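Here's a quick tour of the ligand sites and one bit of surface. Have the viewer open and follow along.

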Amino acid sequence: MQANNLLLEEPIRMASILEPSKPTFFPAMTKIVGTLGPKSRSADIISRCLNAGMSVARFDFSWGDAEFHQETLENMKAAVKSTKKLCAVMLDTTGPELQVVNKTEGPIPLEADTLLVLTPDQDKEATSNLLPINFSGLSKAVKKGDTIFIGQYLFTGSETTSVWLEVTEVNGEDVVCLVKNSAVLSGSLYTLHVSQIRIDLPTLTDDDKKVISTWGVRNNIDFLSLSYTRHAEDIRHAREFLSKLGELRQTQIFAKIENVEGLNHFDEILQEADGIIISRGNLGIDLPPEKVFLFQKAAVYKCNMAGKPAVVTRVVDSMTDNLRPTRAEATDVANAILDGSDAILLGAETLRGLYPVETISIVGKICAEAEKVFNQDLYFKKTVKYVGEPMSHLESIASSAVRAAIKVKASVIICFTSSGRAARLLAKYRPTMPVISVVVPQLKTNQLRWTFSGAFEARQSLVVRGLFPMLADPRHPAESTSGTNETILKVALDHGKASGLIKAHDRVVVCQKVGDASVVKIIELDD
Ligand SMILES: Nc1ncnc2c1ncn2[C@@H]1O[C@H](COP(=O)(O)OP(=O)(O)O)[C@@H](O)[C@H]1O
Ligand SMILES: C=C(OP(=O)(O)O)C(=O)O
Ligand SMILES: [K+]
Ligand SMILES: [Mg+2]
């Protein structure tokens, strides 16, 4: 594995670093997933988030009820309408997340070097020496010396509202801990993370199933973010569950890798999942700090080679309360892009942060700069070599299209697709120009009614680096006759021109089927 994805040639003359970047019609090829919550739920803020570059909205059911999230989603739909920017919906499960039960919701001061008891007795009141939790199996899972972290929901690990504890004794169902740092727990939800310990709770809980089959079905969720995925079986089980929920059989499952158990089964999980979320919030406390980067690089590389989207989380925690990222965070975002990530997921930064729009905008700008110096040539060769020969026909077409587009300096690639597969394969080869994926709807029936496919496929490409979907008019039937192909291509070109992606005299690479043959053609526009 060769990991140097930085192009160290012409683009990095020292003087060029200081040149301001030309504005583009879209903020970056990298996608941004924003977690919507108290600080990012009005139609106005969501519109500004979309304009700043967010293309997937994440609804985290660890927090808030279905009604709250529905209201946010309705605002999001209004924002999509007014901005004319597409946005996919991601439902994030609670899963086997341990939580502190603090009914009064008042602040709880914890003092270093004192003892704190964690108890499953939820009738008890939370105090500085005793915290009720939502899990009765903790005392069986831990032993003396283990580390436990507690913090406000989406805690960063460094803020003064989170603590770390060392288990000193197990007493029946209670766990006695030594408090290692002083802090005041404040906020309405605290989560608890036990380092490197298996929590014997199902990955998809009964509550998660209820939420998916009600809220999820009602809103045709594009992505299920499966929190604490630990085995491939977790994905198979979730897929089986979705398959019985009508349209949700089209929902893609993203495995959220949040602990060492998920890391240990990464390869088998990647095979089953549609994409991976490298959940650094939790991983950052489950792994020794010096190992986090290594997992990120290895996991992103594996996703790239499999042609499945890799999403990296929690990049600019400090922007939760500040208008600028730290220099370490800014560099880290760029490195995640050079590693090959498809998307950045913002958590606390947009959900409860003071600057959701500015955060999206700054992260987008850093991503765009990193993309410019991504060593596409090296990456391309590495990928071709990894895939080996014989290549599938479609992959060979897709990689050739990317190569041709780079050689002729095409401004965009237009890819016709129905299942989305062809567009994803193009993205796998990391073209340096945007791909307009023209999703051509197909008429389908479930024996009760006729509907058009395509909407899921179009929105699902909103998490893939470089893909910009466009849903073709269903009045153009999907048979790839040359007549319909031409009409759709014209619409796609007009769309590209209207959005500023394509100009007169540009070259455009088109990937489509003509009759039975998949073809790549290069067209040169005259006006
Ligand atoms: N409706 C369409 N019209 C023309 N070409 C298409 C259409 N749908 C897919 N293609 C082309 O067919 C090939 C297979 O693409 P893929 O996305 O796998 O489609 P499918 O939905 O058939 O799986 C690619 O070359 C793609 O560009
Ligand atoms: C995104 C993460 O998980 P959550 O926000 O659901 O805790 C994470 O751990 O990085
Ligand atoms: K969650
Ligand atoms: Mg997490």
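How far apart are the magnesium ion (ligand 4) and the potassium ion (ligand 3)? They sit 6.0 Å apart. Keep in mind that this is a predicted model.

## The magnesium site

Start with the magnesium ion (ligand 4), which is coordinated at 2.0 Å by Glu 258 through OE and by Asn 282 through OD1. These two residues bring together distant parts of the chain, being 24 residues apart. Glu 258 belongs to the loop between strand 14 (252-257) and helix 7 (260-264), while Asn 282 is in helix 9 (residues 280-286).

## Around ligand 2

For the side chain of Arg 58, the distance to a ligand 2 oxygen is 2.9 Å. On its own, ligand 2 has 290 Å² of accessible area, and the protein covers 96% of it.

## Around ligand 1

Ligand 1 has 15 residues around it, the closest being Phe 416, Thr 417, Ser 418, Ser 419 and Lys 513. Which elements each supply at least two residues of this shell? Strand 18 (412-417), helix 16 (421-428) and strand 23 (507-514) do, with strand 23 giving the largest share at three residues.

The backbone does some of the polar work: a polar backbone atom of Ser 419 is 2.7 Å from an oxygen of ligand 1, and one from Cys 511 is 3.1 Å from a ligand 1 oxygen. Asn 485 uses its side chain instead, with a polar atom 3.5 Å from a nitrogen of the ligand. Taken alone, ligand 1 exposes 550 Å², of which the protein buries 89%.

## A nonpolar patch

Last stop, the surface. Met 14, Ile 17 and Leu 18 make a nonpolar patch of about 390 Å². Leu 18 is part of helix 1 (residues 14-18), and its relative accessibility is 72%, so it counts as exposed.

Methods:
Residues numbered from 1 in each chain as written. Chains lettered and ligands numbered in written order. Predicted model: local features only at pLDDT ≥ 70, side-chain atom pairs only at ≥ 80, totals over all residues. Heavy atoms only, no water. Patch = residues over 30% accessible without salt bridge, like charges linked within 9 Å, V, L, I, M, F, W, Y side chains within 5 Å. Areas by Shrake-Rupley, 256 points an atom, 1.4 Å probe, with all protein chains shown as cover. Salt bridge = Lys/Arg side-chain N within 4 Å of Asp/Glu carboxyl O. Helix = DSSP H or I, 4+ residues; strand = E, 2+ residues; numbered from the N terminus. Buried < 20%, exposed > 50% of the residue type's maximum accessible area, 1.4 Å probe, protein only. Polar contact = N/O pair within 3.5 Å; in protein donor to acceptor, adjacent residues only side chain to side chain. Donors = N, O, S within 2.8 Å, 3.2 Å for Na, K, Ca; no water. Near = heavy atom within 4 Å.
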